[in-house]
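Open the model in your viewer and keep the sequence panel beside it. The stops below say what to select and what to look for at each one.

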Amino acid sequence: MTATLPPRAAADPQGAGPARVNSYTSGKLPRWAAPALTVACLMGAIAVVALLAAAGAIGEFSLVLAVILGTVSAIALITTISLIAEGRRAATNRFMIALVITAFVVALLPLVSVLSTVLVNGAPRFDLQFFTWSMRSVIGEGGGALHAIVGTLQITAWATLISVPIGLFAAIYLVEYGRGPLARAITFFVDVMTGIPSIVAGLFAYALFALIFGEGVRLGFAGSVALSVLMIPVVVRSSEEMLKLVPNELREAAYALGVPKWLTVVKVVLPTAAAGIITGITLAIARVIGETAPLLIVAGFTSSMNYNAFSERMQSLPVFVYTQYANPGTDVDVYLERAWAGALTLIIIVMALNLIARLITRLFQPKAGR
Amino acid sequence: MTAPTEAPRPAAVDTVERRGDKTFSRLAVGAGTAILIALAAVAIFLVAQSLPAIVAPAGSFRGTEGDFWQYVAPLAFGTVWAAALALIMAVPIAVGIALFISHYAPRKLAQPLGYIIDLLAAVPSVVYGLWGITVLAPATVPLYEWLAENAGWFPLFAGPASGTGRTVLTVAIVLAVMVLPIITALTREVFVQTPTLNQEAAYALGATWWEMVRMAVFPYARSGIISASMLGLGRALGETMAVAMVLSPSAIISFAVIQSENPSTIAANIALNFPESAGIQVNALIATGLVLFVITLIVNSLARYIVNRHERSLESR
């Protein structure tokens with residue numbers, strides 16, 4: 001290290017004997033110092049932990065322990081070296097940068113862990129039978145989630161059918177018509193609605209349908225109502241943002257041509273904002289399609305096929321994952337495998353929806369800058 | 001809108017009645033009103049279904065001798081406690097990530113990195129639950145044993161450590177992972193909007209990166225960070241499945257985070273018990289849901305209030 005650290009006095013032009021010294025970089029650690037030190041510390045920590053394990057001082061070799069040790073020692077070393085070579089301010093700076101980078105890496109760990117476990121554990125049962133069988137009369141091996149997939153599609157479709165018209169028209173009201181107390185009340189209560197916990201939405205749907213059908217009601221459609229409570233505020237918010245982005249000149253031009261207001265909205269404003277609105281709706285669907293708690297309460301669970309959202313219990317994919325985990329039969333592993341396969345399917349659906357949303361934004365973005 | 005003393009406008013324009021216009025504006029108003037009605041319905045139905053439980057005599061609830069408030073107290077405590085622990089872990093990391101993305105990472109990398117963090121938000125909660133119980137909980141057992149042995153004098157880490165890892169701390173870690181993307185996204189927005197001129201000025205005065213962040217970024221972002229944390233807290237309070245699957249619940253109030261007896265949360269308690277409940281027990285669960293609704297409402301309103309005050313102070317600047 002010392003070879004790369006010219007004495008600080010070298011920056012002083014008076015004492016510049018060897019003219020090679022660059023006064024801009026003197027007194028600073030080279031760029032590669034921090035990364036190289038980090039790698040060295042990680043390797044060293046792995047070696048130390050491996051040695052300790054071999055010597056029997058700790059139970060067994062643990063990569064987690066090694067990485068933690070390596071990270072901590074790297075941060076400490078970099079800060080100390082910087083403190084000696086560069087001074088206190090630079091050392092603080094290096095310490096904070098190290099913490100910020102560590103925070104980012106720490107956040108990536110669960111993501112990588114979740115995705116890899118779901119992939120590895122979900123793959124064995126991610127087969128044809130999983131998508132063509134229901135769980136009716138299945139005890140032990142085999143069986144599938146077709147009933148759950150059908151249920152999820154129906155419940156989400158109904159929820160979308162309820163929320164999109166209401167949400168979109170409410171957004172149109174807020175942007176095109178809204179003045180005064182009603183608009184303010186809607187804005188405020190949409191905010192309140194955004195914060196409703198999903199389980200409370202489920203309880204609400206139960207209380208509503210229990211009034212009509214009596215206690216203990218379980219309906220696919222009740223699940224859709226619960227999901228719409230969660231979906232409407234998202235649709236309103238995103239559509240409102242998009243409608244606000246439509247330039248006012250377009251509206252004024254339409255009015256100047258004598259186009260009625262409603263036609264202006266339908267033919268000018270909505271098409272201009274269409275891409276953004278569809279993106280928002282897709283993201284809203286992605287948000288509710290993975291909801292478990294409200295469906296567990298009002299749609300219930302079953303192992304049979306049910307094509308009718310308006311009668312009887314209806315299984316959905318998230319609830320399928322939960323019930324396979326929570327109520328296993330005698331052969332637990334088989335049930336867990338199905339749960340993981342369901343989780344994999346769910347993640348693929350949600351990721352696909354997110355990708356579609358991004359694609360729509362990219363493909364249909366207006367050519368000129370906004 | 002217009003002053004009454006102005007010259008009368010051409011009457012013909014005003015009197016044109018278009019049926020399309022009328023229907024359309026009524027539809028719009030109707031949709032807006034529908035939202036208000038829906039929310040009122042949520043409140044009314046929840047209260048109506050809760051009342052029987054709230055006035056029920058002591059001893060009518062599963063798991064407690066007392067009345068409704070004694071039934072809900074440990075649950076409410078567990079809800080707030082788990083969410084608070086999650087927030088303590090999530091906020092520093094979220095702020096770090098947001099700083100990394102907005103002010104440290106190369107500009108070209110910033111957007112993809114943001115997407116990656118958003119992916120965390122896309123994973124459904126039931127998947128987090130499954131991951132928490134099969135991967136995270138077993139992995140934490142050695143850590144808890146070590147903590148109970150070496151830090152057991154500290155009340156939070158009092159032993160004996162849970163042998164399954166299904167503790168409040170594990171739940172809090174899962175919750176922290178789940179609220180991380182929300183807090184990160186909101187703080188990142190705030191960080192990006194801090195005035196660039198001040199940052200450049202800080203650099204021009206010879207500030208290091210961290211000094212620049214402290215002088216030119218944090219002062220503008222403080223209330224943004226607070227409100228983002230509050231919104232994350234609201235999300236953590238209402239989270240159901242991850243808690244229901246990971247925690248091994250019991251009806252106690254305890255601050256110890258690594259023992260096998262843990263206070264459950266309201267949401268998880270509803271999810272676990274609702275399918276097998278009937279009669280007054282259903283009313284009790286709905287009433288606890290109402291309590292949860294009130295708690296999240298308070299937290300979220302506080303967050304909005306802070307945001308609004310901040311926006312106003314920025315405007316007046």
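**Stop 1: a tyrosine in a helix**

Select Tyr322(A), which lies in helix H12 (residues 317-326) of chain A. Helices here are DSSP runs of H or I with at least four residues, strands are runs of E with at least two, and both are numbered from the N terminus. The model is a predicted one, in which local features need pLDDT of at least 70 and side-chain atom pairs count only at pLDDT 80 or more, while totals for chains, interfaces and linings use all residues. Residues are numbered from 1 along each chain as its sequence is written, and chains are lettered from A and ligands numbered from 1 in the order in which they are written.

Is Tyr322(A) buried or exposed? Tyr322(A) is buried, because 27 other C-beta atoms lie within 10 Å. The cut-offs are 20 or more other C-beta atoms within 10 Å for buried, 12 or fewer for exposed, and anything in between for partly exposed, with C-beta atoms placed from the backbone.

Now show what Tyr322(A) touches: leaving out residues up to four places away in sequence, these are Thr292(A), Leu296(A), Val126(B) and Met241(B). Contact means that the C-beta atoms of two residues, placed from the backbone, lie within 7 Å. Between the C-alpha atoms of Tyr322(A) and Leu296(A) the distance is 8.9 Å, and the two residues are 26 apart along the chain.

**Stop 2**

Select Glu312(A), in the loop between helix H11 (293-298) and H12 of chain A. Glu312(A) is not a glycine, yet its phi is positive, about 70°. With 14 other C-beta atoms within 10 Å, Glu312(A) is partly exposed.

**Stop 3**

Zoom out to chain A, which has 13 helices and 0 strands. Its radius of gyration is 30 Å, well over the 21 Å that the globule rule gives for 370 residues, so chain A is more spread out than a compact globule. That radius is taken over C-alpha atoms, and the rule is 2.2 Å times the number of residues to the power 0.38. Along its principal axes, the C-alpha trace of chain A spans about 90 × 75 × 35 Å. Of the 370 residues in chain A, 42% are buried.

**Stop 4: two domains**

Colour residues 31-124 of chain A as domain 1 and residues 131-364 as domain 2. These bounds come from an automatic or database domain assignment. The centres of the two domains, taken over C-alpha atoms, are 41 Å apart. Where they meet, 5 residues of domain 1 are in contact with 6 residues of domain 2.

**Stop 5: annotated spans**

Select residues 149-357 of chain A, listed by UniProt (unreviewed entry) as "domain: ABC transmembrane type-1". UniProt positions are given in the numbering used here, feature names are shortened, and annotations may be inferred rather than shown by experiment. This span is 79% helix and 0% strand, and its end C-alpha atoms are 21 Å apart.

The unreviewed UniProt entry also places "transmembrane region" at several spans of chain A, including 32-55 and 97-120. Residues 32-55 are 96% helix and 0% strand, with end C-alpha atoms 34 Å apart. Residues 97-120 are 100% helix and 0% strand, and their end C-alpha atoms lie 34 Å apart.

**Stop 6: chain A against chain B**

Show both chains: the contact takes 69 residues from chain A and 64 residues from chain B. On the chain A side, helix H3 (residues 88-122) gives the most, with 19 residues.
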